[in-house]
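Welcome, and thanks for taking a look at this one with me.

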Amino acid sequence: MADKTNKTSLLLAEDEESLREALKLNLELEGYEVTTADNGPAVIKMVKNEYFDLIILDRYSDLVMMPPAYFRNMVNYVRDGGAVMLAVGLLVGQLTAGLREQAEAAVQREAAARALYEAARELSAALTLDQIVSIGGRFVNATFGGRCAFFFVGLDGRLGAPQIAKPEGAAAVSGVSNAAQNSAPSGMPNLDRVLADWTYQHGQPAGTGTHTLPSGSVLYLPLKAPMAIRGVLAVEPEAFQVLAQPDSRRQIDACATLIAIAIERVHYVEIAQDALVRIESERLRNSLLAAVSHDLRTPLTGLVGMAE
């Protein structure tokens, strides 16, 4: 039996240095005497030469991958009565592995939130549809490693030609507008105009990862703004499995919503500018009519006076 007056001795086996040191520090703060090892042979050597109240191993899969000779030595040590709480060690190892996976997932979620924040900040300052296309293309390329195209609603209430976001750093063609360059169909040959029209009319996503033609390689998302559907976003990732992940799908849905709101804001800014132009035109017309009326009234008054 171990001396209860002494600290409980632990052997911590973990191959990742940062995680190993973090666990050691926390266990020592809890009052344990901790010895660390970073591989299977070191564990076997230590358990042969020292006594430990508890051994905390890495996840079970790492133990199974241990060379057969070392694994047999570990089993023999346990069978011969070594004070190793193997089951507890494996459990703690699994919990530690789960904690590490959760930490990695948290880092990924933080990066995704950061990317969405940057996209939202840039979209809030966009003043033209070309700027929105460029910002959306950068976000899709950086997040999913793919390409995207935009179908905007025209004055007739129907979708116009697709505007394809150019890759970051692509050279512009001299003498050709951004809209003309973006509308070139060669950038995304798998675009389906019929499927884009269906997405716009029904307000539902279609294409890869959905219930409507899921065998395609392009995902079509309606750009739903608070007042109306402003268009369709077509996303073609490098690997279709990317959009099959729930986190990735939620991220692209959130981006589509931000883009739709930016398009609606630009739309109403244009309406406000047109209204302002009409108001100024009406004011100028009234001023001109007032001036002409005054110039006409003056000689007429004089003529009336002479006639009297």
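Is Glu280 buried, partly exposed or exposed?

1. In this predicted model, Glu280 is partly exposed, its relative accessible area being 39%. The side chain of Glu280 forms a salt bridge with that of Arg283, with N and O 3.5 Å apart. Both residues belong to helix H9 (residues 246-307), and because they are 3 residues apart there, about one helical turn separates them.

2. Arg121 is partly exposed, at 46% relative accessible area.

3. Next, have a look at helix H8 (residues 193-202): Arg193 and Asp197 are 4 residues apart in it, again about one helical turn. Their side chains meet in a salt bridge at 3.3 Å, N to O. Arg193 is partly exposed at 35% relative accessibility, and Asp197 is partly exposed too, at 24%.

4. Salt bridges also link Glu14, Glu16 and Arg100 into a network. How many salt bridges does a search of the whole structure find? The total is 12.

5. Now for the cysteines. The whole structure has 0 disulfides. Cys148 is in none, and the nearest cysteine sulfur to its own is that of Cys255, 7.9 Å away. Cys148 is buried at 1% relative accessible area, and Cys255 is buried at 2%.

Methods
Residues numbered from 1 in each chain as written. Predicted model: local features only at pLDDT ≥ 70, side-chain atom pairs only at ≥ 80, totals over all residues. Heavy atoms only, no water. Disulfide = S-S within 2.5 Å. Buried < 20%, exposed > 50% of the residue type's maximum accessible area, 1.4 Å probe, protein only. Salt bridge = Lys/Arg side-chain N within 4 Å of Asp/Glu carboxyl O. Helix = DSSP H or I, 4+ residues; strand = E, 2+ residues; numbered from the N terminus.
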